[in-house]
Amino acid sequence: MTLINLGMILFKIAFILCAVSTAGYLLSLLIKKIKLAKMSTWILSAAFCFLTINLLFSVINSSGMFNLGSRDFLSLCAWSVSGVYLALQFKTKTRSLGAFISPVIFLFMIAAAGQQAGKILLPANLQSWLTAAHVFLTITGESLFILASCAGAMFIIQNGLLKNKKLSKMSRLLPSLNDLDRINYICLLWGFPVLSVGVLAGMVFAEFSWQAGWLTDPKIIWTFAGWIIYGSLLHQRLAIGWRGYRMALVSCAAFILLFLSYGSVRFCFSTLHNFI
Amino acid sequence: MIVLVGLNHKTASIAVREKIFAGCQQEKDILARLRSLNGVGEVLYLSTCNRIEIIASVEEHGKAVIALRDFVAASGGVTPNEAACCFYEYRNEEAVRHIFRVASSLDSMVMGETQVLGQVKDAYRQALAQYATGVVLNRLMHCSFRAAKRVRTETAIAVNPVSVSYAAVELAKKIFGSLDGKKILLIGAGEMAELTGMHLISNGAESIIVANRTLAQAGLLAEKFHGEAVSLDSLDAKLIEADIVISSTGAPDFIVTADILKSIHHRRKNRLLFLIDIAMPRDIEPSASSLENVYLYNIDDLQDIVDENMNVRRKEAVRAEMIVEEEVTRYINWQKELESVPTIISLRSKTEEIIKAEMEKAVGWMQNFNKEDQERIDNLVNSIVNKVLHSPVAVLKEESAEFSSRDIVDAVRRLFRLDG
């Protein structure tokens, strides 16, 4: 059995495990049982392990420099979000966060499954360790922002429940406001520098590879916009002392804005990143 | 036979309960004295804040119950006539069900409270230490602990708080997660505020500041918590420090207004603020609730949460009763099995005696055989007898687990003339 075939099997197992854990998380929210969310966390951890091995196979299998397939790229997104979530989850024990983040992970997996296996993503002239660092760090940074926004969304829900003076089952299932605010803060604090280094790696590579014209590329402009938005959010938090509800609201709004902008750039404009 | 004699908050006034409680406390070696009563075998004495109960394994129901009741009544100086209307008594299945319900907190004043199981365990520990229990009560108590554990883990009967102060603690945890390092500001020195503050401190809150119109009274309360006492003039400054504010003054106007909170919002660095207003008339302006990161609950809001939680407990109690019923059936089945045990033992010893006697008679002619053949004959006899006995013993065990085994036990005893 070749490594590609083995990788395919591992991807399929990870896909099924992701589907099961997403269903488990959502069901736990529906029937308000934390035990189910705990089980789903372990299932997601297993999916993460399979995905890790799958990605390792892809790296070993690729000839020469870092050479991602389009499926691997989306798997890497799912892997990164789940990795960041699991790391945070084991630290903060806020399992219900999974109900919000696992659908995002599963969506990445569906998108990855829709891609042709083995199709090379990056043109040969873009394959270098700098693009590898750029891809890896940017995805990790974005994953942290996704998590910050999910925590923000949960904060808004919990805040609404507590303001309405209802200590419902849902409220009991969701983490405390303080914990959610802390997750939002940790994700911003780590996400921003990681994204910054990722963007910087991309910039250095672009300067050497494309030399001119890349600064006006729509995707790069939006990436800068996102970088500035998250940077200003972190600034507001650290310098001005924004926290709690306002921070949650702005994080969510920033995420929705960047998500929509990514979609519009992806489908409406021609960019230097068209291969993604 | 198991009997239970006792009195609780539903059957006896606090005055009677107090007298009996004090009387029983003064009795030296109460368990030994109870065991010395006529017909009482095993015994356990349970005393909680609102009940006194004696559980005993007795030979005969009537006399033993009267003896137990009169003993407890006499200890408290209550006349038998007075005692007759205060005491309840249960026997066998009813007694088992009652003690299971008590241990599971289904019979408590506040249904689902967790303290009672500890008290039942303590009572059992004492009885064990004094060798007052035997096979029947030991099994009964272990089964009651299992029933209580199942009720707690399989139902949500003890999950949600049913007192205003605990509801406040739960809310604080939903806002802050951990209460470690949180500062509490008590405005006014009311009893309810003090109790809530105490619960918050025992759940990890760091310190208490007491603000009161009269500094001396604030000082008295602050001393209890090793906290800080301030006058109402420095309230604004203390609101900046506080994370949880409990207000219970008798002031006719609002003491904490939305404007005050708005003005200190920045200096508080937008930290989350939990306001509990248990004063009547209210101390905190209701519109403060709409401020960002401010969570205001008044006494009615807290009471609504408590009522809702109580409803949940009532619903869960139906499931809890079913669990208790399952455990009662399990225990009763075991007890019925126990009824057939002496008969099985008698049957076996009688057959052994017969074999022994017949083998002794056969010693003369068996001498002609060698030792090996003698052993073979011995084994053959035992094997035949065991096979013959297998069915009656199995039926005795099976029948006793299903329904009352008394008839079949009687039949076996008569058929095999076990009673001589």
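Student: How many salt bridges are there over all chains?
Tutor: The count over all chains comes to 26 salt bridges, where the rule asks for a side-chain nitrogen of Lys or Arg within 4 Å of a carboxyl oxygen of Asp or Glu. This is a predicted model, in which local features need pLDDT of at least 70 and side-chain atom pairs count only at pLDDT 80 or more, while totals for chains, interfaces and linings use all residues. Side-chain values use heavy atoms, without hydrogens and water.

Student: Why is E53(B) called buried?
Tutor: Buried means under 20% relative accessible area, exposed over 50%, and partly exposed in between (1.4 Å probe, protein chains only); E53(B) has 0% and therefore counts as buried, and R51(B), at 2%, counts as buried too.

Student: What does the salt bridge between E321(B) and R101(B) tie together?
Tutor: The two side chains meet at 2.8 Å, N to O. Because E321(B) lies in helix α13 (residues 299–361) and R101(B) in helix α5 (residues 92–103) of chain B, the pair ties together parts 220 residues apart in sequence; helices here are DSSP runs (H or I, at least four residues) numbered from the N terminus.

Student: Why is E321(B) called partly exposed?
Tutor: Its relative accessible area is 28%, so E321(B) is partly exposed.

Student: Which residues are linked with these in a network of salt bridges?
Tutor: The network links K10(B), R51(B), E53(B), R101(B), D107(B) and E321(B).

Note on methods: Residues are numbered from 1 along each chain as its sequence is written. Chains are lettered from A and ligands numbered from 1 in the order in which they are written. Helices (H or I, at least four residues) and strands (E, at least two) are DSSP runs, numbered from the N terminus.
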